[in-house]
Amino acid sequence: MGKTTRPRKTRRTDGSQPPTSNPEGGRQMVNLCVNIDHVATIRNARGETEPDPLHAAVVCELAGAHGITFHLREDRRHIRDEDALALRRIVKGLLNMEMADTPEMVKIAQRVRPDQVTLVPEKREELTTEGGLDVAAHKDSLTKTTRKLRRAGIAVSMFIDPEEEQVIASRACGATHIELHTGQYARHYDRERELAFHELDRLEAAALLAHGQGLVVNAGHGLNYRNTAHVARLPFLNELNTGHAIIGRAVFSGLDLAVRDMIAAIREAEQVLEHEE
Ligand code: PXP
């Protein structure tokens, strides 16, 4: 295990103000959207009806989550079509649907009408989403899909690695949001702290660039109760999407407390930043 304190960035020692989330100065609070896929994973392990991801969504929202995220995978390994439709009826905050860019998924999204779609790459054999979407390489299809979704009143986010080319391409496709893939940062965090901080620098640069392009900046993947604080302090961050760590902790503490603890970790990180500013 390495240091837990991130070295101060040299470019912030010149007296300039660190970037904030709005022109008036104060930072906007970072929202937490809870990914409830793995409640469905447990349900499906027995082929029965419990635990119900809908119950999970209600508990998460009552515990203070800003929204609910689910991934409707091509193989329906966890969330199913009927879950997606039912979630739309009961979720009161933001409903964020993660999906691959396929004609089938676009049709389902048009029917479900989540508030936001996050387009992700998908491979059948992967355990979870592995890398970011190569937006630059699939610009034509992603532009068409984005147009269809936005016409249905759905905000569109691209799940991308923190690379300039991908940020620019996301903007060019008409996306309203990006979600920065924090998986690489999270993988390094407990083993090679320096590498994690290097990845954090890349995330920060991508967040600044995206904000400058008029994109709303979200982040997620692999975040847990130890590594979330640094990500919560990214400039112009709007929302974090976290699933596995929260559902994993809920096994021991209950879902309500697991969500509250994650929100507390985010708020604590924000307070440290306010102190530094
Ligand atoms: N963001 C995206 C785009 C994802 O695909 C996932 C996993 O479904 C997450 C966030 C949440 O990742 P984790 O379960 O590791 O918190």
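What covers the buried residues of helix 8? The cover includes helix 6, strand 6 (177–181), helix 7 (183–189), strand 7 (216–220) and helix 9 (228–232). Before I go on, please keep in mind that this is a predicted model.

Let me stay with helix 8. Its buried residues are Arg193, Ala196, Phe197, Glu199, Leu200, Leu203, Glu204, Ala206, Ala207 and Ala210. Note that Arg193, Glu199 and Glu204 are on that list. As for length, helix 8 runs over residues 193–212, and its 20 residues should span 28 Å at 1.5 Å a residue. The end C-alpha atoms are 29 Å apart, so the span agrees with the expectation. Just after the helix comes glycine 214, with a positive phi of about 85 degrees.

Now to helix 5. Helix 5 has 13 residues, and from its first C-alpha to its last it reaches 18 Å, close to the expected 18 Å. Which of its residues are buried? They are Leu142, Thr143, Thr145, Thr146 and Leu149. These pack against strand 3 (94–99), helix 4, strand 4 (116–119), strand 5 (155–160) and helix 6 (164–173). Glycine 153 follows helix 5, and its phi is positive, near 85 degrees.

Two packed helices are described by the angle between their axes and by the distance between the axes. Helix 4 covers residues 103–112 and helix 5 covers residues 139–151; they pack at about 15 degrees, with axes 10 Å apart. Angles under 35 degrees count as roughly parallel, and helix 4 and helix 5 are therefore roughly parallel to each other. The crossing of helix 4 past helix 5 is right-handed. On the helix 4 side the contact is made by Val106, Ala109 and Gln110, and on the helix 5 side by Thr145, Lys148 and Leu149. Sorted by class, that contact has three nonpolar residues, two polar and one charged.

Last, a single residue. Isoleucine 90 is found in helix 3, residues 81–90. Is isoleucine 90 buried, exposed or partly exposed? Its relative accessibility is 29%, so isoleucine 90 counts as partly exposed. Leaving aside neighbours within four places in sequence, isoleucine 90 is in contact with Leu54, Ala57, Val58 and Glu61. Take alanine 57 from that group: isoleucine 90 and alanine 57 are 33 residues apart along the chain, and their C-alpha atoms are separated by 8.2 Å.

How values were computed: Residues numbered from 1 in each chain as written. Predicted model: local features only at pLDDT ≥ 70, side-chain atom pairs only at ≥ 80, totals over all residues. Heavy atoms only, no water. Axes fitted to C-alpha atoms, helices over the stretch in contact; angles between N-to-C directions. Helix = DSSP H or I, 4+ residues; strand = E, 2+ residues; numbered from the N terminus. Parallel < 35°, antiparallel > 145°, perpendicular 65-115°, else oblique. Left-handed = near helix turned anticlockwise from the far one by under 90°. Contact = heavy atoms within 4.5 Å. Nonpolar A, V, L, I, M, F, W, Y, C, P; charged D, E, K, R; others polar. Expected span 1.5 Å × (residues − 1). Buried < 20%, exposed > 50% of the residue type's maximum accessible area, 1.4 Å probe, protein only.
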